Amino acid sequence: MAKEAQPYLSVVIPAYKEIDNLKLGVLEMVRDYLQKQTYSWEVLIVDDGSPDKTADVIEKKIAHWKGFSLSREPHRGKGGTVIAGVLSAHGKIVLFTDMDQATPINQIEKFFPYFEKGAALVIGSRQGRKGAPLTRKVMAYGFQMLRTIILRLPYKDTQCGFKAVTHEAAQKVFHQMKIFGSGTSANAGVTAGFDLEMLYLARKMRLKTIEVPVEWEHKGTARVSAIRDSYQGLRDMVKVRINALSGKYKITK
């Protein structure tokens, strides 16, 4: 049997208690967009141990959709779920994006030219944060200041849920991630430290990373708590810094 060609794009979508989003037709939006493209692709939906019927609904929905697959993972939070999906992806470029499509799938078109010019990672940057409450905007600014001081990350927006990485870079970076790579979690969804650890490792490995403005619209969700997530983000920044100082990361350039 001939070996299947490597797809050009893999799309990894983490899922956790997504019934409401699924009713809005978010997966149909992704499918309809990709079916119009000339390049090859695959979509990997990774369920984060949802306690409701999310995985069952997805499985039934995509049963006859070519190129779509579902993986059921134990609950580890978004970080561990994305890592599992990215390391299972086959595409030359691997995009991970949120189920709610706050940044629509068509924004990937802005990334391709940078990969063609040698970028290893391209990350979305939310401009203006349309619809986000003022408190979220203020806390985001404070978070930016802290990550610059603690991790020396020069990016305007590390937390946008729309990022892409080459297959080669993904294998280098994601195998080194320590905070969210294994174990289970009693807490829901959002894990800010995942993005921070990934970008910190990529920077230390001197992988070319480009930040690109993308469309984004605030989608209210009970999984997001500004105070809780800011605290967890600060805690994770410190964990990443401690891991680096104690030599837990094996940096290859």
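Is Lys61 buried, partly exposed or exposed, and at what relative accessibility? Lys61 counts as partly exposed, because its relative accessibility is 23% (buried is under 20% relative accessible area, exposed over 50%, partly exposed in between; 1.4 Å probe, protein chains only).

**View 1. Overview of the predicted model.** This is a predicted model in which local features need pLDDT of at least 70 and side-chain atom pairs count only at pLDDT 80 or more, while totals for chains, interfaces and linings use all residues. Residues are numbered from 1 along each chain as its sequence is written, and side-chain values use heavy atoms, with hydrogens and water left out. The protein has 9 helices and 7 strands (DSSP runs numbered from the N terminus: helices are H or I, at least four residues; strands are E, at least two). Of its 253 residues, 49% are buried.

View 2. The whole structure holds 9 salt bridges (a side-chain nitrogen of Lys or Arg within 4 Å of a carboxyl oxygen of Asp or Glu). One of them joins Glu28 and Lys61 at 2.8 Å, N to O. Glu28 sits in helix α2 and Lys61 in helix α3, so the pair ties together parts 33 residues apart in sequence. Arg72 bridges to Asp56, with the closest N and O atoms 2.9 Å apart. Here strand β3 supplies Arg72 and helix α3 supplies Asp56, 16 residues apart. Arg72 is partly exposed at 45%. Asp56 is partly exposed at 36%.

**View 3. The buried face of helix α3.** Thr54, Ala55 and Ile58 are buried in helix α3 (residues 54–61). Down the axis of α3, its buried residues fall within an arc of 90°, so they line one face of the helix (the arc is that of the directions from the helix axis to the C-beta atoms). They pack against β1 (9–15), α1 (19–23), α2 (26–35), β2 and β3 (68–73).

**View 4. The Asp98–Lys78 salt bridge.** The side chains of Asp98 and Lys78 meet at 2.7 Å, N to O. Asp98 is in the loop between β4 and α5 (112–116), Lys78 in helix α4, and 20 residues separate them. Asp98 is partly exposed at 24% relative accessibility.

View 5. The largest nonpolar core has 34 residues (buried Ala, Val, Leu, Ile, Met, Phe, Trp, Tyr and Cys residues joined through side-chain atoms within 4.5 Å). Helix α8 gives the largest share, 7 residues. Val86 is among the residues with the most contacts inside this core. Val86 touches Val12, Val94, Phe96, Ala170 and Phe174, not counting residues up to four places away in sequence (contact means heavy atoms within 4.5 Å). Another core lies apart, with 33 residues, among them Ile13, Ile58, Ile108 and Val122.

**View 6. A nonpolar surface patch.** Leu146, Leu234, Val238 and Ile242 form a nonpolar patch with about 300 Å² of accessible area together (patch residues have over 30% relative accessible area and no salt bridge; like charges are joined within 9 Å, nonpolar side chains, namely Val, Leu, Ile, Met, Phe, Trp and Tyr, within 5 Å). Helix α9 (residues 226–245) gives the most, 3 residues. Ile242 belongs to α9. Ile242 is partly exposed at 49%.

Terms used
Accessible areas come from the Shrake-Rupley method with a 1.4 Å probe; for residues, only the protein chains shown count as cover.
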